[in-house]
Each structure stands twice: as structure tokens, then as C-alpha cells.
Amino acid sequence: MERSLVILKPDAIQRRLIGSILARFEAKGLKIVALRLCRLTNQQTDNLYSVHKGKKFFEPLVRFMQSGPVAVMALEGPRAVAVTRKLLGETFGFEASPGTIRGDFGLSRGYNLVHGSDSVESATRELAVFFKEADYLAYELSEAPWAFNPAEDLN
Ligand code: DAT
Ligand code: MG
């Protein structure tokens, strides 16, 4: 089953939005298989935002991401990467559609509450920064037989 890396950014923690944002992922049916609070190191932000190195927003972005605790998690489910990105909405709060996390909780450009891997390849790389294979908890949600038709092809 596909996994994506999600990070609740320092603004989400400080605004006490952990519960509200996690509820969106739970409501959709994604399974939280790893979750912890931490502060991001230089090595972690470098890896996460390597494609943005050299851009003018890179340094402020890193400073923001290291400005307080974050919650990092692995979400699992069919097409977890694309589904998560849809739940997040467009990058900037003022452009994100209502109904999305970024669209419902903020108007900022950079303080956009949540990170989600943008492709399966990025997810594989980003997840490895935070989690070992043994960190992913294998369990079944009791609702699973009603959330997914066993005859359905989920790929
Ligand atoms: P996303 O987080 O939707 O994957 P991204 O990878 O293009 O967006 O950018 C990473 C983060 O950097 C983004 O969440 C917010 C910030 N950012 C991107 N473009 C920016 C810009 N033009 N000005 C300020 N911050 C920006
Ligand atoms: Mg990105």
C-alpha cells in the first residue's frame, strides 16, 4: 500500500490545529502508520526542500520550518500521495480551495500548515529521512471491511 510523508508545520502546532488537520486525513480513510513530534534539523530540511535550494524563499522557509515543533507522520492508503495532496489544496492559502486543509485554515503564502510529498518518488525519499521500516505499525482499522470493497482493485 502506498505511503506519503506529511508534516504538520510549526504554524499548525502553534495554532492548535493538530486535531483538526489529523481529522481530515482520518475522515478520508487514510491510515496513520507512524507519527511523532520533533524539531527539524538542517539535514532534514535540506533533504525535504532540496529542489528549492537557491530560490529566494529557501532560507526563510527553512527558518520557518525550524521555528518550532512539527508533527511528522506516514499516511497509508490507496494512492496515498495523490489523495494527500488533494486534501492539502494549492500551495498558498489564498489560492487553495475551500474544503481543503490549506483552503480552510489559512490565507498565508508560506505559513501553509502542512507538507505532503508531491510524488511517489519524493515520498520514498522523504519518508526515509524520518522513519525506518520498523517504525511503520502494521494494523487493521476495524472499519476496513466497510471502507473498502474487498473485490475492488485499489491500484
Ligand atoms: P508544496 O508545499 O505545495 O509542495 P512547494 O514544494 O512548491 O509547495 O514549496 C514548498 C514550500 O515553500 C511551500 O509549502 C511554501 C513555500 N513556498 C513555495 N513557493 C513560495 C514563494 N514563492 N514564496 C514564499 N514561500 C514559498
Ligand atoms: Mg513540495
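**Exercise 1.** How many residues has the largest nonpolar core, and which have the most contacts inside it?

Solution. The model is a predicted one. Its largest nonpolar core has 22 residues. Those with the most contacts inside this core are Ile7, Phe130 and Phe131. Next, consider the elements: strand 1 (3-8), strand 2 (31-38), helix 4 (58-65), strand 3 (70-76) and helix 7 (120-130) each give two or more residues to this core. Helix 4 gives the most, with five residues.

**Exercise 2.** Identify the residues in contact with Phe131, leaving aside its neighbours within four places in sequence.

Solution. Contact requires heavy atoms within 4.5 Å. By this criterion, Phe131 is in contact with Leu5, Ala34, Arg36, Val72, Met73, Ala74 and Tyr136. Apart from the core treated in Exercise 1, there is a second, separate core of 21 residues, with Ile13, Ile21, Val83 and Phe105 among them.

**Exercise 3.** Describe the largest pocket by volume, lining and residue class.

Solution. First, the volume of the largest pocket is about 600 Å³. Second, 26 residues line this pocket, and Tyr49, His52, Phe57, Leu61 and Thr91 lie nearest its centre. Helix 3 (42-48), helix 4, strand 4 (114-116) and helix 7 each give two or more residues to the lining. Third, the lining comprises nine nonpolar, 10 polar and seven charged residues.

How values were computed. Residues numbered from 1 in each chain as written. Chains lettered and ligands numbered in written order. Predicted model: local features only at pLDDT ≥ 70, side-chain atom pairs only at ≥ 80, totals over all residues. Heavy atoms only, no water. Core = buried A, V, L, I, M, F, W, Y, C linked by side-chain atoms within 4.5 Å. Buried < 20%, exposed > 50% of the residue type's maximum accessible area, 1.4 Å probe, protein only. Helix = DSSP H or I, 4+ residues; strand = E, 2+ residues; numbered from the N terminus. 1 Å grid on protein atoms, 1.4 Å probe; cavity = no way out; pocket = protein on both sides within 12 Å on 5 of 7 lines; lining within 4 Å. Points joined across faces, edges and corners; volume = space filled by probe spheres on them. Nonpolar A, V, L, I, M, F, W, Y, C, P; charged D, E, K, R; others polar.
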